[in-house]
Protein chains: 2
Amino acid sequence: MSRPRPLSGFPELLPRQRIVEQQVVDHLRRAFELHGFANIQTRAVEPMEQLLRKGETSKEVYVLRRLQAEADDGGDAGLGLHFDLTVPFARYVLEHAGKLQFPFRRYQIQQCWRGERPQEGRFREFWQADIDIVDRDGLPAHYEVEIPLVIADALRGLPLPPVRMHVNNRKLSQGFYQGLGIGDTEEALRIIDKLDKIGADGVAELLVERVEATPEQAEACLRLASISSEDASFVDEVKALGVADPLLEEGLNELAAVVEAAAEEAPGLVIADMKIARGLDYYTGTVYETFLEGHEGLGSICSGGRYDTLASDGKHTYPGVGLSIGVSRLLVPLLQSGSLTATREVPTCVLVALANEEDRSEANALARRLRSRGVPVQVSPSAAKYGKQIKFADRRGIPFVLFDGDEGLQMKDIRSGEQTPVDVDVWEPPAADLHPRIVAE
Amino acid sequence: MSRPRPLSGFPELLPRQRIVEQQVVDHLRRAFELHGFANIQTRAVEPMEQLLRKGETSKEVYVLRRLQAEADDGGDAGLGLHFDLTVPFARYVLEHAGKLQFPFRRYQIQQCWRGERPQEGRFREFWQADIDIVDRDGLPAHYEVEIPLVIADALRGLPLPPVRMHVNNRKLSQGFYQGLGIGDTEEALRIIDKLDKIGADGVAELLVERVEATPEQAEACLRLASISSEDASFVDEVKALGVADPLLEEGLNELAAVVEAAAEEAPGLVIADMKIARGLDYYTGTVYETFLEGHEGLGSICSGGRYDTLASDGKHTYPGVGLSIGVSRLLVPLLQSGSLTATREVPTCVLVALANEEDRSEANALARRLRSRGVPVQVSPSAAKYGKQIKFADRRGIPFVLFDGDEGLQMKDIRSGEQTPVDVDVWEPPAADLHPRIVAE
């Protein structure tokens with residue numbers, strides 16, 4: 001068998017890179033739990049009709065088939081891999097509604113799959129970390145303020161550049177288009193979403209072509225999309241465009257509330273930005289996109305919004321609001337470029353050296369004593385020369401080697417070369433050495 | 001949209017059940033890291049030719065297809081979901097061999113998928129937690145002793161019935177069959193593997209039919225399979241059957257070493273059991289199966305073995321030994337029966353009550369102060385009557401509610417009803433209340 005080649009779009013991490021990813025995910029998880037979000041995991045597959053229900057996603061889905069599917073097998077026909085965590089979550093809420101307490105706060109950290117053509121920062125398999133709050137029948141607006149603050153809290157303390165969250169409200173945009181007299185406001189939103197890709201002229205052309213906008217209407221849409229502010233001053237700027245509509249008014253109020261509350265609780269985090277549209281059709285209110293300063297080319301690393309109509313069982317609707325951190329989109333480029341790395345590639349803090357293979361059982365007992373106090377330890381693979389055993393530790397970044405020699409037990413810090421007698425039942429490594437740490441370069 | 005129905009074979013957990021699963025996985029992870037195992041994650045998909053290379057697994061694989069696959073697309077044709085973590089790990093080792101340090105100790109906790117007909121304790125999607133040690137060209141036998149001891153350590157401290165690990169060695173069985181004069185020893189092993197399912201008579205019949213065994217040879221195979229012991233006394237019992245073969249001799253020595261070392265370091269854990277065969281073809285030495293006492297019907301909850309030929313790139317081979325805990329097989333039945341549950345269904349320890357909606361920002365500030373000291377907190381969804389807010393906490397199992405009233409800040413333990421003035425910058429919950437805990441019933 002020859003050496004296997006990597007699969008484009010399916011990134012895999014080396015152990016040292018994985019330590020960084022794992023610590024970042026642990027940090028997010030801890031933050032979400034501090035805010036009272038409960039974890040769930042949904043199965044990787046959904047019925048195709050669920051996956052194709054909303055939005056322009058049909059191109060992207062991976063369909064499953066059992067290799068030896070039988071004719072009488074109805075059980076897993078028509079299954080596909082989920083492409084995000086929102087659609088499966090909405091299904092989970094409907095399926096288990098009778099056993100959940102509402103409002104239901106959940107976080108979910110799982111893989112997703114999209115059959116897109118792989119490109120910079122876009123993967124076919126990727127990790128997302130989502131938080132959502134879903135309620136029954138009605139969802140108070142204060143959750144649209146809370147969700148971005150939780151994300152800000154979760155990203156704080158990570159070795160990442162500062163983030164800026166761009167927020168808009170679909171009622172604002174669609175109300176504005178409606179007030180202008182444009183008929184298909186959803187399609188108009190989808191066209192505005194392409195602004196960064198195809199530019200203002202391209203957008204104006206599409207608006208004329210696809211939603212029968214006049215050049216003046218197209219111009220007004222573009223002027224709306226150019227408005228942004230860190231406070232509520234965008235409200236006056238929008239009103240100055242001279243369009244009046246009740247939905248627009250609602251959107252302006254809701255967006256102002258989000259921006260003002262965020263300015264108070266997390267200054268500098270949120271900016272109102274009227275060009276934000278989000279590609280997925282299920283959003284109905286506030287929408288969010290988040291950019292890493294200096295890495296805007298990565299695209300939005302955390303997106304989401306409010307959805308009022310994603311889940312409904314006829315008796316109740318389950319409106320929600322959520323944000324999704326693109327863990328792979330955020331980390332994989334920083335890991336591959338070496339901007340983020342870890343102090344070592346193994347959890348091991350101490351290697352127990354072996355003088356003779358016959359001593360392995362005693363070495364195991366020493367290791368056990370250190371482990372019982374929380375120190376990660378492994379025993380040397382062989383009773384090679386001590387120099388070779390130290391090299392074994394050094395290659396992996398293991399900081400300490402424990403020797404049992406004529407002078408009793410000795411702990412060697414292989415970075416300084418310093419070696420001192422040690423009582424394994426009291427010894428503790430410096431706090432910075434107990435576990436690998438993330439290093440940002 | 002009507003209420004979605006569960007998919008057979010794809011179990012999903014409610015938040016309270018998931019807390020148990022998450023804490024069990026965290027416990028395993030911590031134990032593996034204390035033993036110096038580094039974590040990796042492999043992509044969910046492998047090329048079909050990798051998945052079909054070894055063993056009788058072809059029936060079980062889920063094949064992927066992009067919904068709108070194009071003719072010129074070679075990128076993800078012929079991909080399937082992995083059915084275990086050993087085959088992807090062997091591929092990972094080959095692909096990244098130049099960047100890994102050997103011997104390489106890794107753990108991996110991920111989902112796997114098999115298109116099997118769902119049945120008691122068998123799922124189409126399930127979690128596994130694997131540890132393996134892989135070396136280059138040669139693998140010392142002491143790792144075959146170490147791996148079960150790490151698993152024993154990892155399972156210790158979990159609220160589970162005691163486990164018993166049944167160990168055999170393929171060299172022993174195949175050497176014995178060879179010494180008897182049976183030609184196709186691999187097929188003979190596969191037949192012995194069915195002993196629990198089809199009984200002694202069925203096995204004898206198949207041995208005669210498929211590997212042309214005489215009735216006497218079949219009888220000898222069955223007598224071998226009936227031998228088991230907690231110490232090395234099985235060696236004499238096997239020798240008493242009067243079969244001599246160098247491979248058998250090797251297997252006897254290796255198995256005796258594993259059993260004796262385990263008896264010393266983890267008394268009562270390991271039993272030599274000559275009927276253990278393992279269905280997968282890639283094992284070449286020690287093989288392990290593990291049963292929960294009183295829950296033998298679950299089948300083996302932790303299986304594995306030594307494989308010498310799974311990974312080879314022409315220049316080097318990468319022999320390994322590993323064990324895989326069937327996390328779903330172990331936990332899902334215990335969770336569904338209610339034998340394992342958690343003290344609450346949310347991470348939240350304190351609910352901050354709200355007297356007026358206008359106080360939300362102040363309540364958020366109180367929550368922040370508690371969170372900064374590691375206490376999981378959420379703010380009440382609305383300024384409903386206090387009785388309703390207490391009920392909100394009670395339904396979720398949140399133990400404490402913080403009130404800001406005329407008498408200043410008061411912390412109420414809603415289980416006892418006791419309410420006391422509190423300084424949120426010093427208050428700490430009892431250690432048992434800070435996070436949800438697993439309860440075994």
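Modeller: In this predicted model, helices α7 (residues 195-210) and α8 (residues 215-225) of chain B pack at an angle of about 150 degrees, with their axes 7 Å apart. Axes are lines fitted to C-alpha atoms, for helices over the stretch in contact, and angles run from 0 to 180 degrees between N-to-C directions. α7(B) and α8(B) are therefore roughly antiparallel to each other, a label given to angles over 145 degrees. Helices here are DSSP runs of H or I with at least four residues, strands are runs of E with at least two, and both are numbered from the N terminus.

Biologist: Which residues of α7(B) and α8(B) meet?
Modeller: From α7(B) come B:L195, B:A200, B:V203, B:A204, B:L207 and B:V208, and they meet B:P215, B:A218, B:C221, B:L222 and B:A225 of α8(B). Contact requires C-beta atoms, placed from the backbone, within 7 Å.

Biologist: Before we move on, what are the conventions?
Modeller: Residues are numbered from 1 along each chain as its sequence is written, while chains are lettered from A and ligands numbered from 1 in the order in which they are written. As the model is predicted, local features need pLDDT of at least 70 and side-chain atom pairs count only at pLDDT 80 or more, whereas totals for chains, interfaces and linings use all residues.

Biologist: Now the sheet in chain B. What is its strand order?
Modeller: Nine strands form an open sheet with mixed pairing, in the order β1-β5-β6-β12-β11-β10-β7-β9-β8. Its edge strands are β1 (38-39) and β8 (228-229) of chain B, each pairing on one side only. Two strands pair if DSSP finds at least two bridges between them.

Biologist: Do β1(B) and β5(B) pair in the parallel or the antiparallel sense?
Modeller: They pair in the parallel sense over two bridges, β5 being residues 104-113. B:N39 stands opposite B:Y107 in β5(B). Helix α5 (residues 170-180) of chain B packs on this sheet, touching β7 (163-169) and β10 (286-292), and its direction makes about 45 degrees with that of β7(B).

Biologist: Turning to the two chains, how many residues are in contact?
Modeller: 71 residues of chain B are in contact with 71 residues of chain A. Elements of chain B that each supply at least two residues to that side include α1 (15-34), α3 (86-96) and α10 (246-265). The residues of this side divide into 26 nonpolar, 23 polar and 22 charged.

Biologist: And which strand of chain A pairs with β3(B)?
Modeller: Strand β3 (residues 62-66) of chain A does, in the antiparallel sense over five bridges. A:Y62 stands opposite B:R66.

Biologist: What rotation superposes chain B on chain A?
Modeller: A rotation of 180 degrees with 0.0 Å of shift along its axis does, with an RMSD of 0.0 Å. That is the relation of a two-fold axis. In chain B, the C-alpha nearest the axis is that of B:L64, 2.5 Å from it. The superposition is by least squares on the C-alpha atoms of residues with pLDDT of at least 70 in both copies.

Biologist: Why do you say the copies meet through the same surface?
Modeller: Because 100% of the interface residues of chain B are also interface residues in chain A.

Methods:
Nonpolar A, V, L, I, M, F, W, Y, C, P; charged D, E, K, R; others polar. Parallel < 35°, antiparallel > 145°, perpendicular 65-115°, else oblique.
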